[in-house]
Structures are given as C-alpha cells and as structure tokens.
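Please keep the sequence and the structure at hand while reading.

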Amino acid sequence: MNKQKNLWISFIAVLISAVLVYGLYLMQKHQLDEQELVAVVVPKRFLTAGETIKANDLELRYLPKAAVSKEMLDTISLAIGKETAAPIGQFEPIVSWRLNHYYLHPRKQESTFQIPKEYVRSISNGIRAGDRVLLYVSGEDEVSRRLFRQSVVVASVKSSGNMEIDNIEQPHLLSLAEGNEEKMYTARRDANAMIEYLNLNLTEEQWLELDTLCRAGTAKLVVAYSPESYPTGQESGENK
C-alpha cells in the first residue's frame, strides 16, 4: 500500500516539475521573442511635412520586436516617392499614417492656385481631385507645346454651382483608398458635370510662367489627364 502511495507521490512530483519547467520555457521564450530585433524604415535626416521621400533619405534600423507596431514600415520601397503628411524626426520609425498617398494638399514649395476660366481652352472631363494632369499651351501667336516637363496635381475640380465633381454615393478617392478600381472607374463615369473651376498645386515659378503666358488672352491651356506618378528622387520644385 505504501509502495503504491509513494509511486503516486513520485508521479505527481514529476508532473509538477514538468509543468514548472514548461512554464519557465514559455516565459523565457516570450522574453526572447520580445528581445528579437525587427528591421524598420527610418529617415537618415529630419523630414519636414510635404517632402517627397527619396531612396537616399532612408535606411533600415533594428528595434526590439516589442517596440514595433503594425503601422511601422519594414520595407524601404514602401516609402520611396511618398509625401510626408507630418514631420518625421531623424531615425524615427516611419509609420503609414504619416505618409500622404493622394497628394491633394500642396507639397513643399507649392500653393493651390485656381486657374481662371479665361486661361483654359479645354479640360478633360475625366479629371478628378487627386489626379495628375499635363498642361499644354495653345495659341495663335504661340507654338503649341507642353508647358511643364512633369505633370501637376489637381487639388479640386468644381462645377458652376461650386460643387466638387464626383459621385456623391461613392467618391472616387474613397474607392482609390479601398483599392477598388472598378468602383473608382464607375465613380468617374457617373460624375458627368461640366468642369468650371480647376485648382492646381503649383510652385510659385510655375504659376508666374502660366500667368505670364495666358493673361494676354493669346495663349490658352489644354489640360489633359495623365497616369504619371510622382517621379522618385525628385522634389516638387524640380518638376518644371
């Protein structure tokens, strides 16, 4: 009887020891996981709001896994060509919400200019806020040509009633943010109002050149939709 009792006591003691050892293993594993280093994307220098991020602005730095959040970027290519929506400190991990993906606001060294209607000869009716457009000059005393080498960003397009031209039920920018190309296309097709007011994000130099060419009335603008994205490695002031 005593022998059987001793066997049970030994078995329970071994079981308790195994549970304690396994618990210690899990605790140590959790501590090691927290100490594991994970690569995150950081800027080599302070980035002001409105800057376009270039490849040579970035590097990877390693942080403990416990200090890394889901919003932090782990691949440099995800940040290249994006615009900073807020300042980012040197070696501060870049988080997705600090990047501007649709460029509706003017970038560094840019302002939003409303283009007078008398300056415009034609506008592609498929243009919407957030699009990039190419500007061409056309006139009797002016050789038709492309005005700026790079495309510029449309801040807004409005109808004669000063209403933003879009599909009210499913705005195309919302569809773009959702990655739904079909809804974005539908929103463009359903928004059929004529464009009366066009606002563009331009540098001061671009606006002065445009205004000088068009204010006499002999030259006018042709505004064409462009699929171009921001050129990697160039600042907004270089797109003239």
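## Terms and overall make-up

Two strands are taken to pair if DSSP finds at least two bridges between them, and the bridge partners named below are to be read in that sense. The model is predicted. The protein chain has four helices and eleven strands, and of its 240 residues 36% count as buried.

Among the contacts in the protein chain between residues at least 6 apart in sequence, 72% join residues that are at least 24 apart. The chain exposes about 14300 Å², of which carbon and sulfur atoms supply 56%.

Strand S9, which spans residues 152-158, is joined by two bridges to strand S7 (residues 132-139), and the two run antiparallel. Valine 133 has valine 152 of S9 as its bridge partner. S9 also pairs with strand S10 (residues 197-203), again in the antiparallel sense, over five bridges.

How much of S9 is covered? Six of the seven residues of S9 are buried, and the strand is described as mostly covered. S10 is likewise mostly covered, with six of its seven residues buried.

## Salt bridges

The structure holds seven salt bridges. One of them is formed by arginine 45 and aspartate 57, whose closest N and O atoms are 3.1 Å apart. Both residues lie in the loop between strand S1 (37-43) and strand S2 (58-64), and they are twelve residues apart. Aspartate 57 also meets the side chain of lysine 54 in a salt bridge, at 3.6 Å from N to O. Arg45, Glu51, Lys54 and Asp57 are linked in a network of salt bridges.

Arginine 45 is partly exposed, with a relative accessible area of 30%, whereas aspartate 57 counts as buried because its relative accessibility is 4%, under the 20% cut-off. Lysine 54, at 15% relative accessibility, counts as buried too.

A further salt bridge is formed by glutamate 92 and arginine 98, with the closest N and O atoms 2.8 Å apart. Glutamate 92 counts as partly exposed at 29% relative accessibility, while arginine 98 is buried, with a relative accessible area of 17%.

A pair of aromatic rings is described by the distance of the centres and the angle of the planes. By the rule applied here, the count comes to two aromatic pairs. In one of them, the rings of phenylalanine 113 and tryptophan 207 have their centres 5.0 Å apart and their planes at 10°, so this pair is stacked. Because phenylalanine 113 lies in strand S5 (residues 110-115) and tryptophan 207 in helix H4 (residues 204-214), the pair ties together parts that are 94 residues apart in sequence. Phenylalanine 113 and tryptophan 207 are both buried.

Tyrosine 119 and tryptophan 207 also form an aromatic pair, which is stacked at 6.4 Å centre to centre with 20° between the planes. Tyrosine 119 lies in the loop between S5 and strand S6 (120-123) and tryptophan 207 in helix H4, so this pair ties together parts that are 88 residues apart in sequence. Tyrosine 119 counts as buried at 8% relative accessibility, and tryptophan 207 is buried with a relative accessible area of 16%.

Technical notes. Residues are numbered from 1 along each chain as its sequence is written. This is a predicted model: local features need pLDDT of at least 70, side-chain atom pairs count only at pLDDT 80 or more; totals for chains, interfaces and linings use all residues. Side-chain values use heavy atoms; hydrogens and water are left out. Buried means under 20% relative accessible area, exposed over 50%, partly exposed in between (1.4 Å probe, protein chains only). A salt bridge is a side-chain nitrogen of Lys or Arg within 4 Å of a carboxyl oxygen of Asp or Glu. Rings of Phe, Tyr and Trp (its six-membered ring) pair if their centres lie within 6.5 Å; planes under 30 degrees apart count as stacked, over 60 as edge-to-face and the rest as tilted. Contact means heavy atoms within 4.5 Å. Accessible areas come from the Shrake-Rupley method with a 1.4 Å probe; for residues, only the protein chains shown count as cover.
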